[in-house]
Structures are given as structure tokens and as C-alpha cells.
Amino acid sequence: MVTRLISANASEIIKMNGKELYQSIKASEGRTVLSENVVTESTIDNLTTSEIAAAFGADLILLNLFDTFNPKIEGLNVDNPRDTIIRLKELTGRPIGINLEPVDENAEMESTKLTISKGRQATTESIKKAEELGFNFVCFTGNPGTGVTNKMIEKAIKVAKKNFSGLIIAGKMHGAGVDEPVADETSVRSFIEAGADVILVPAVGTVPGFTNSELIKIVKIAHKYGALVMSTIGTSQESSGAQTVHDIALQNKICGVDIQHIGDAGWGVVPPTDTIFELSKTIRGMNHTISRMARSINR
């Protein structure tokens, strides 16, 4: 058995494989915090956004806009780009994941479509590269306007099951510019059948019309078939202040999610540190919040 993530030391965490990380999150009973970080711009005193997020209580770090074919994180210098993620894990003591976007070239868009690099798209090559770089988990989702569809997310999951050994997270935080349901029972079932370990859904309070009752149905389906659920604040409300994040966090904990994600739209690209702290405090109390913030990465 593994140590639950909220109590685990860095030396235990960074050694976990996909199955162990899954069990460690499950054992934490809805008290896991994931922070999504943009990697393309520098922050305070040339720190990485990931170090800042970890310092304020994030258990898991998800990199956004990271190009697998050009491994680079602002604030992090390495002699060999292949060591980028290994070094980031050493600095943060956290499992590191990557957003890869399953772009659908034939998607019916409801907003202008953005073109992203091949290293950010969910392809066989980029997934294999994520494995080589040492990522602990992959997240198949879409940034605004990139044309990611549920059909392509399902396809990416199947590819990852053959080429990636870590945890697989899949789903949509918002429309990603596509006119289709963001989260529904049909897509959830298809993701689980394809092999997703964690189903990603928008947090209640972030996407218009996505209600507590709908989330509870999804949570029950996912848990019945052995998947976890991650609610996401991916609509810039991560910068709406501590009270807003508190309210969202409490609602989604009541609905039964296993991981709560907070996005990267803070002050520019710096994570909204006060709201990471508020999310952590709300879903697990001050004792576990302080434990995660104060626990040395050398333990």
C-alpha cells in the first residue's frame, strides 16, 4: 500500500508509478489539490510557476503550454533539455503532469480556432515524448479556441494506454471553442472505457448550466467503474478571490470529487497563490494545508 498523497514525503511521491499515484490520491479522500501552471514566461525572481504553486500547497503540478518537442520552462535552466522535468520534480517534490490537446481539425467551432505547435498536441509522438521526459501524468483537455473534441480525447486516451505508463486524466474544463457538451454521461463512459484513470469535469460554478446534480451523476458513474474525478476551475475564476474559490471548492467537495484543480489565470502567469491556499484550506483544513506547505522536499 502507498502513503496517502496529502501525508506523503517528496521522496515517496516522486517514485510513484501511475497505479500508486492513483491509489495515493484515492486514499486522500477528496483532499488533493492540483495547480495548473503556464511555463512560457518568467515570474518573480526567475522562479518557476511550479515552485510557487508548490509552496502554497499544491500536491500535483500540471504544466500548460509545454512543448514536448522543445522542452523548456521559464525560470529553469538545465544542461540537457531532456532533464527538464526531472529537475522540476527535484525542485518541487511533486508529481508533474502535462496538458496535451487532442485537436480535431474537423471540429465545428463557435469561436476563432487557434493553431498550436505539434509538441502541445496529443499525438502518438508527443505522448511517447512525455513518457521519455518523465512526466507522472498526462491530461487530455483543451485550451480556449484550440478545437479539442470529446471524440479526439477518447482517441488520445487509447493511444496513451499503449505508450504512457503514468496516470491518464481526460475531459474538458470548458468548450475549447467547440459547440458540444462540455461534460455529459456519454463522454464520461467513453473515456472510462478507453482507459482514463481520472475524469476531468468543470467545477460546479464555473461553466453555465453545469449543476451539482449533473456532477454527482458523473462522480457516481466514474467511481462505480473505478475512475477518479477531478473538478477544474478553468474559466479565470481562479483570480476571482478567496471567497469565490472557497464557495466553488466546498460545492465540489460535497459532490464527491477526488481532486480539485485550480487554473493558471492569476496575475499574468503567476499562480493565484492566495486562492491555491484558500482551496487547500477549504477542502482539507489548516493542519493538512500547513503540512503540505511546510514539508521539506528533502524528506
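A crossing of two helices is right-handed if the near helix is turned clockwise from the far one by less than a right angle, and left-handed if anticlockwise. The model is predicted.

**Exercise 1.** Determine how α9 passes α10, and describe the contact.

*Solution.* Step 1: helix α9 comprises residues 242–255, and its axis lies 9 Å from that of α10, at an angle of about 35°. Step 2: the crossing of α9 past α10 is right-handed. Step 3: on the α9 side the contact involves A242, V245, H246, A249, L250 and K253, which meet T275, E278, L279, T282 and I283 in α10. Step 4: sorted by class, the contact of α9 with α10 contains six nonpolar, three polar and two charged residues.

**Exercise 2.** Classify the packing of α5 against α6.

*Solution.* Step 1: helix α5 (residues 124–133) packs with α6 at an angle of about 45°, and the axes are 10 Å apart. Step 2: α5 is therefore oblique to α6. Step 3: α5 passes α6 in a right-handed crossing. Step 4: T124, I127, K128 and E131 of α5 make the contact with A156, V159, A160 and N163 of α6. Step 5: four nonpolar, two polar and two charged residues form the contact of α5 with α6.

**Exercise 3.** Classify the packing of α6 against α7.

*Solution.* Step 1: the axes of α6 (residues 150–163) and α7 (residues 185–194) come within 8 Å and cross at roughly 15°. Step 2: α6 is therefore roughly parallel to α7, the limit for this class being an angle under 35 degrees. Step 3: the crossing of α6 and α7 is right-handed. Step 4: N150, I153, E154, I157, K158 and K161 in α6 meet S187, S190, F191 and A194 in α7. Step 5: the residues of the contact of α6 with α7 comprise four nonpolar, three polar and three charged.

How values were computed:
Residues are numbered from 1 along each chain as its sequence is written. This is a predicted model: local features need pLDDT of at least 70, side-chain atom pairs count only at pLDDT 80 or more; totals for chains, interfaces and linings use all residues. Side-chain values use heavy atoms; hydrogens and water are left out. Axes are lines fitted to C-alpha atoms, for helices over the stretch in contact, and angles run from 0 to 180 degrees between N-to-C directions. Helices (H or I, at least four residues) and strands (E, at least two) are DSSP runs, numbered from the N terminus. Angles under 35 degrees count as roughly parallel, over 145 as roughly antiparallel, 65 to 115 as roughly perpendicular and the rest as oblique. Contact means heavy atoms within 4.5 Å. Ala, Val, Leu, Ile, Met, Phe, Trp, Tyr, Cys and Pro count as nonpolar, Asp, Glu, Lys and Arg as charged, and the others, Gly among them, as polar.
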